[in-house]
Structures are given as structure tokens and as C-alpha cells.
Amino acid sequence: MGTTGSGILFALGSFAIYASQDVIVKLLGGSYAPFQIVFFSVLFSFPLATVLLMRDAQKSNLRPVHPWWMALRTVAAVGAGAFAFYAFSVLPLADTYAILFASPLLITLLAIPILGERVRLRRGLAVGVGLVGVAIVVQPGQTALSLGHGAALASACCSALSSVVVRKIGREERSVVLLLYPMMANFLIMGAILPFVYKPMPIEALGGMAAIAFCSFIAMLGIIAAYTRAEAALIAPMQYSQMLWALFYGWLIFGEWPSVTTLGGAGVIIASGLYIVFRESRGGSSATTPVLRTRTRPGTPAALRIGPFLRRQKSTELVS
């Protein structure tokens, strides 16, 4: 198998692991508040952050270069994780994924005022069509919208905002700063809420919390391996394979099967996202390629950013 093929397989495997993580979140969400799940998943992620700090030999402090942008990124990252965990807890998996897949559309829109991106007619139409797909899934006026639908939409918005802000300041801020501030904010905010929602956990539930952090770490390694072996335009669309896992897990574990409108709306959203990815991959179509460069899966608390690891690996290969 060629390098490109192995990269695609790494990506498919990684997103399968992410989907398994979301199943654990949904299973735990039936018994525990999302604030408690986020708190302990972040807690178990701290050793990974420690390893990253130990590998960062840059002599500097942990003060952000852009404090206001950093504050906005932190708030958005905290909201993205908390809202996503709540949505997975109360909505069918396929419905949650369909709405979260709107994140590339929102990234394209937010890149206009924040990054100065110029979105021409074709990408603009793709965004509009994708948002129609979101409306098909949510069906405003046809069904009663739940807090879960609102949480999924809020998570997609927060994820998009966080990604665009990172695209703006990522090369000037240290990777450990971009990692630690959202982690500490999650830890402190969820820790402050925890006494009001805490339920004692048996060892199995605690193991599930640790498994969420472990799955996120293993999937991240797989995504890094994927991007080092194949072009971003081939790897980025692999995220949509999570919908297949949502259908499988939803049917097998939770007895869920999405409606025709949900599947149709998801198809429209995915098609729009794919068009935006391929359009950005064409030279001259996008100055900032915000969607194509969003490599870390959004909506995962304390997710480690992929970009710094890729840059470090490329610099190591050049030296060697």
C-alpha cells in the first residue's frame, strides 16, 4: 500500500476511535452531568499536557501574546466541549454529528471578518446550501427543538470560532499556551460547577472518564500519522466517516435510527463541507484555507492541537 493509502487508513481509524469516544460520552451522559464528564476527562488529560510541556524547549513564559484573542479562544473551546458532551448525552448520535458537521460552514463565514478571507460565489453558495441542510436536520417549526439541538448548534459555533481564532494567532502563540489556557479554564469552571452536579462514580465510570482522554490521545496520534502521509484535502473529508459509525453504534447500542430528513440533511451538509474542502485545496481559491488547516477535531475538551506536532516532525525530518 502506498503512503497516501496508509494515511487515509490512519485517518479512518482515528475517526473511528473518536466515534467510540463519543459512545462512551453518551453512555456516561445517561447517569452523569456533562460538567462532571468534562471535568474528569480534562483531569485525565493533564499528564498528556505535561509531556507536551516537557518537550517544549523554548525559553519563554506562559503569558499569551494576544490576551484578548486568547480569552476568546478559551471561552469558545470550553463552550464547544461542554455543549458537545451535552448534545451527545441527549440526542441520537447521527443527529448530533449532522449538526456538528456544520462547523466547516461556520468556519468559512467567520474567516471573513476575523481572517479577512474573501469568499466568492461558489463557496458562498456551498455555505448557504449547507445551512439549509442544518435546517432540514433541525426542522424548525416542524418538531419541538430541544436543548440538545441548541447545544449541538452552539458547539458547532464555538468550535468554528475557536478554530478561526487559532488560525489567526496560532503561529505567534506557543502551542502550550493554546493548550493550557482552555484546559485550565475547563478544570476551574467545571470544577466550580461540580459540587452542584456531582454523583459518586464506581470504578467502571471512572475508567470510562479515563477512556475518553485516552481515546482522544490515541486518535490524535493517528491523525498526525495521517497528515504526514497524505495531502490535507484527502484527510480532512475522512471526518465524515463518523456518520457511518454513528449509524452503526446508534443501531447496535442505543436502538436509534435517524429519520429520512436527518439523513437527507446530513447528506446536504456533508456535500457542502466536502465542496469547501476541495475548493480551498485549489491554489488561488482561498488565501487563508481556514477549513483545510483545521486539523484537530473540534468539540473535544483539552484536545491537543495537531499543527505544532506536524511542524515539529517536519523540522526533525529536515534536520535528519
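E231 is exposed, with a relative accessible area of 59%. Exposed means over 50% relative accessible area, buried means under 20%, and partly exposed lies in between, using a 1.4 Å probe and protein chains only. E231 sits in the loop between α9 and α10 (232-235). Helices here are DSSP runs of H or I with at least four residues, strands are runs of E with at least two, and numbering starts from the N terminus.

A word on provenance. This is a predicted model, where local features need pLDDT of at least 70, side-chain atom pairs count only at pLDDT 80 or more, and totals for chains, interfaces and linings use all residues. Residues are numbered from 1 along each chain as its sequence is written, and side-chain values use heavy atoms, with hydrogens and water left out.

Now the core. How many residues does the largest nonpolar core have? It has 77. A nonpolar core is a set of buried Ala, Val, Leu, Ile, Met, Phe, Trp, Tyr and Cys residues joined through side-chain atoms within 4.5 Å. The residues with the most contacts inside this core are L28, Y32, I37, Y97, F101, M209 and M243. Helix α9 (residues 203-229) supplies the largest share, nine residues. In general, nonpolar side chains tend to be buried together in soluble globular proteins.

Take M209. Set aside residues up to four places away in sequence, and M209 touches L28, Y32, Q36, I37, F40, S41, F44 and M201. Contact means heavy atoms within 4.5 Å. There is also a second, separate core of six residues, with V165, V176, V177 and L178 among them.

Next, the rings. The count is ten aromatic pairs. Rings of Phe, Tyr and Trp (its six-membered ring) pair if their centres lie within 6.5 Å; planes under 30 degrees apart are stacked, over 60 edge-to-face, and the rest tilted. F88 and Y97 make an edge-to-face pair, at 5.4 Å centre to centre and 70° between the planes. F88 and Y97 are both buried. One aromatic cluster is formed by F39, F40, F46 and F187.

Two charges over rings. K199 lies over the face of Y32, at 5.7 Å from the ring centre. R295 puts its charged end over the ring of Y227, 5.1 Å from the centre. The rule: NZ of Lys or CZ of Arg within 6 Å of the ring centre and within 35 degrees of the ring normal.

On to salt bridges. There are four. A salt bridge is a side-chain nitrogen of Lys or Arg within 4 Å of a carboxyl oxygen of Asp or Glu. K26 pairs with E256 at 3.4 Å, N to O. K26 is in helix α1 (residues 3-29), and E256 is in the loop between α11 (242-253) and α12 (260-281), so this pair links distant parts of the chain, 230 residues apart. K26 and E256 are both buried.

E117 and R123 meet at 2.7 Å, N to O. Both are buried. R123 also bridges to E280, at 3.7 Å, N to O. R123 lies in helix α6 (residues 121-138) and E280 in helix α12, so the pair ties together parts 157 residues apart in sequence. E280 is buried, as is R123. Shared partners join E117, R123 and E280 into one network.

C157 is in no disulfide, and the nearest cysteine sulfur, that of C158, is 6.9 Å away. C157 is partly exposed, with a relative accessible area of 40%. C158 is in no disulfide either, and it counts as buried at 17% relative accessibility.

S103 is in helix α5 (residues 103-115). Is S103 buried or exposed? S103 is buried, because its relative accessible area is 5%. Leaving aside neighbours within four places in sequence, S103 contacts A156, S159, A160 and P298.

Last, T289. It has a positive phi of about 40°, although it is not a glycine. T289 sits in the loop between α12 and α13 (306-319). T289 is buried, with a relative accessible area of 12%.

Terms used: A disulfide is a pair of cysteine sulfur atoms within 2.5 Å.
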